[in-house]
Amino acid sequence: MQYRSIINALHEYVPGKSIDEVKAKYGLDSVYKIASNENPLGPSPKAVQAMQKALVQVHRYPLGNAPELSALLAQKLEVDCKNLCFGNGSDELVWLLTTILVNAGDSVISSEPTFSEYGFCTQLMQGQYIPVPMQDYCHQLPQILNAIQSNTKIIFICNPNNPTGTIIPKQELLDFIEAVPPNILVVVDQAYIEYAQDSVDSISLIEQALSRPNLLLLRTFSKLYGLAGLRIGYAISHAELIAALYKVKQPFNVNILAQLAACAAIEDTEHCRASLELNTKGMQELQVQMDELQYPWLPSAANYLAVHVGPTALSLVQYLEQSGVIIRSLKSFGMPEWVRITIGLPAEMQALMQAWRQFLSINNGGES
Ligand SMILES: Cc1ncc(COP(=O)(O)O)c(C=O)c1O
């Protein structure tokens, strides 16, 4: 088979291990996964109910414009349905954006370290990916502006950033958007924005996205809304750009269950409130624990904490895994001495700290 040459250069995405894989590998009865920034409370019970009710309709194709969800979100965000496009996860929208904008040889800019999908999709389009190094694990917006070339098509800004959790001050982000030439699309990936409520004024960003055709906000139901397994995310942007996305997206890309569960999840404000409260409390407690053990960590506006463990980071991740707690090594992000911990349920965080202290007592000759 003669694949496109780019296919030979690509590597398959390697996901972290699943709970079942770790159970089977180490013969464990219970395993906790606090590695993929999922909502530890699970989906809203109202979303589960909505899906149960909808199961008998799955012989029907879904509507590609998700009309019910679109109307609900439009009302909540004070936008028009023409400003929204849904994807099979926000991952799919990153792909669609590179598809509509990036020709072979065009450049796409982002930061480093950041979410890997921007680089992957650029590579797939045979574009040139320009990762601008962060400083102190924060986006360097002036350097990103300096990296713009005549063939630059997209700038991806992950805010809060995965895996660092750091967030750009609101005015800095607005000034940056203003400074980017109008022929270059700025994508602000807000996968974790619901956790960062106080730090950023989403309304003024949405207003900007509606008024200028070169700004798009990406959001997802995978994080706060607890629907990662259903695969549903959305874009908020100017109607012109949304219309271009509609031309290339698969007509039935978001399934019926995902659409209806997302509607119920938005309306379950109590589940959102409980999820945020759990995260705030768990984050504070984890930071205290890390301070006690004298590990530096990055201030996080999201539902995970990046911690500098040092040279033993990989063996810690390995030890925790065999003890039944899965966290994320940041080696693949170019931060081999760091780990990323998703804020989990109290029992999950306790299991983490217990196994971590055991690891230390083994490695420090009895001291922890
Ligand atoms: C920054 C960022 N953007 C997008 C995504 C993908 O989200 P989705 O599940 O909607 O595809 C993730 C998932 O971890 C993420 O961290």
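1. Strands here are DSSP runs of E with at least two residues, numbered from the N terminus. In this predicted model, Ser 110 lies in strand β3, which covers residues 107-112. The protein chain as a whole has 14 helices and 12 strands.

2. Is Ser 110 buried or exposed? Its relative accessible area is 0%, and since buried means under 20%, Ser 110 counts as buried. Across the protein chain, 53% of the 368 residues fall in the buried class.

3. The surroundings of Ser 110 can be listed. Leaving aside residues up to four places away in sequence, Ser 110 touches Tyr 118, Tyr 129, Ile 130, Pro 131, Val 132 and Phe 156.

4. On the overall fold, the radius of gyration of the protein chain is 21 Å, which agrees with the value near 21 Å for a compact globule of 368 residues. The C-alpha trace spans about 65 × 50 × 50 Å along its principal axes.

5. Contacts in the protein chain were also sorted by sequence separation. Of those between residues at least 6 apart in sequence, 72% join residues at least 24 apart.

6. As for the surface, the protein chain exposes about 17,000 Å², and carbon and sulfur atoms supply 53% of this area.

Methods: Residues are numbered from 1 along each chain as its sequence is written. This is a predicted model: local features need pLDDT of at least 70, side-chain atom pairs count only at pLDDT 80 or more; totals for chains, interfaces and linings use all residues. Side-chain values use heavy atoms; hydrogens and water are left out. Helices (H or I, at least four residues) and strands (E, at least two) are DSSP runs, numbered from the N terminus. The radius of gyration is taken over C-alpha atoms; the globule rule is 2.2 Å times the number of residues to the power 0.38. Buried means under 20% relative accessible area, exposed over 50%, partly exposed in between (1.4 Å probe, protein chains only). Contact means heavy atoms within 4.5 Å. Accessible areas come from the Shrake-Rupley method with a 1.4 Å probe; for residues, only the protein chains shown count as cover.
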